[in-house]
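Hi,

Here is the structure I promised to pass on.

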Amino acid sequence: MSIYRWSRAAYAIAIRHPVNLLVYQMGKVGSTSVQRSLYEAGLRPLHVHFIHSDLTHMERFTETEKDFPLHFYIGRALRRYLNLTTHRVKVITLVRDPIARYVSAQFQTLDHEPIARDDPDQAVQQLQDEIRDGEKVRFDWFEREMEPFLGVNPIYEPFDREEGYAVIQAPRAEVLVIKLERLSDLIPGVVSDFVGRDLSVVTANRGSEKEYAEYYQEVRQRLSLSEETCKDVYRHDHVTHFYTSEEASTFAKKWQ
């Protein structure tokens with residue numbers, strides 16, 4: 001582990017003391033867009049994917065010869081910081097079409113995930129097998145990460161599927177849950193009200209603009225899932241809690 005990155009993580013927390021705004025969510029759900037919109041408005045949120053989980057739990061995401069990304073260090077340092085403080089924090093978290101999120105995540109970590117890098121047919125087969133299994137595309141991040149640390153799991157809290165968001169009050173945090181698919185509509189009003197600052201939409205981190213874009217598009221175009229697989233994914237409680245049947249049907253058609 002890098003002493004330099006530990007120092008950067010500690011500094012990131014120190015200059016924000018008291019830390020009161022987190023963008024805290026699973027990967028590949030549009031969090032960078034939220035963060036940049038907040039930055040444009042002069043806010044300085046901490047952006048993390050993991051606070052509760054130990055870094056050793058995440059080693060499978062990183063090649064042994066490479067260091068962990070900075071956000072891993074920030075998350076670990078933030079866990080210690082929040083354990084020593086008692087003030088409530090505002091948290092913004094997001095959900096996304098689970099299949100789209102999973103496929104995107106595999107290419108975000110292409111350098112250190114087992115997905116085939118130069119064989120689109122093999123990559124497609126692997127994605128089909130893993131999505132068919134179902135476990136990896138569920139929103140278990142909330143149970144594994146947010147619930148143990150903040151004591152709240154959005155899957156078990158009321159959510160307005162039509163409006164596309166919910167605000168949850170918990171002892172340690174006020175949590176805003178947003179559907180990525182409604183993010184552009186919600187940033188100027190709902191998110192602005194939540195943080196107390198006028199925000200504008202700033203897009204970021206699009207897969208089509210990344211170095212793996214051409215390969216991603218090729219695999220994405222070849223990827224086709226069975227009706228049965230789509231039904232299994234989109235009928236799961238983790239999906240129906242956040243998405244209407246019409247939205248789930250639209251998602252399913254996209255992948256068949």
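First, the ground rules. This is a predicted model, so local features need pLDDT of at least 70 and side-chain atom pairs count only at pLDDT 80 or more, while totals for chains, interfaces and linings use all residues. Residues are numbered from 1 along each chain as its sequence is written, and side-chain values use heavy atoms, with hydrogens and water left out.

Start with strand β1 (residues 21–24); helices (H or I, at least four residues) and strands (E, at least two) are DSSP runs, numbered from the N terminus. Two strands pair if DSSP finds at least two bridges between them. β1 pairs with β3 (residues 89–95) in the parallel sense over three bridges, and Val 23 sits opposite Ile 92 there. Three bridges also join β1 to β2 (residues 46–48), again parallel, with Leu 22 opposite Leu 46.

Thr 93, in β3, is buried at 0% relative accessible area. Its side chain reaches the backbone oxygen of Tyr 24 at 2.9 Å. Leaving out residues up to four places away in sequence, Thr 93 touches Tyr 24, Gln 25, Trp 141, Phe 142, Met 146, Val 175, Leu 176, Val 177 and Ile 178 (contact is heavy atoms within 4.5 Å).

Now the core. The largest nonpolar core has 84 residues, and Leu 78, Ile 92 and Tyr 234 touch the most other members. Such a core is a set of buried Ala, Val, Leu, Ile, Met, Phe, Trp, Tyr and Cys residues joined through side-chain atoms within 4.5 Å. Beyond its neighbours within four places in sequence, Tyr 234 contacts several residues, including Pro 98, Phe 251 and Trp 255.

Which residues of helix α8 (residues 213–222) are buried? They are Ala 213, Tyr 215, Tyr 216, Val 219 and Arg 220. These cover an arc of only 160 degrees around the axis, so they lie on the same side of α8; the arc is that of the directions from the helix axis to the C-beta atoms. Glu 214 and Gln 221, on the other side, are exposed.

Finally, Ser 184 lies in helix α7 (residues 183–195) and is partly exposed at 46% relative accessible area.

Cheers

Methods
Buried < 20%, exposed > 50% of the residue type's maximum accessible area, 1.4 Å probe, protein only. Polar contact = N/O pair within 3.5 Å; in protein donor to acceptor, adjacent residues only side chain to side chain.
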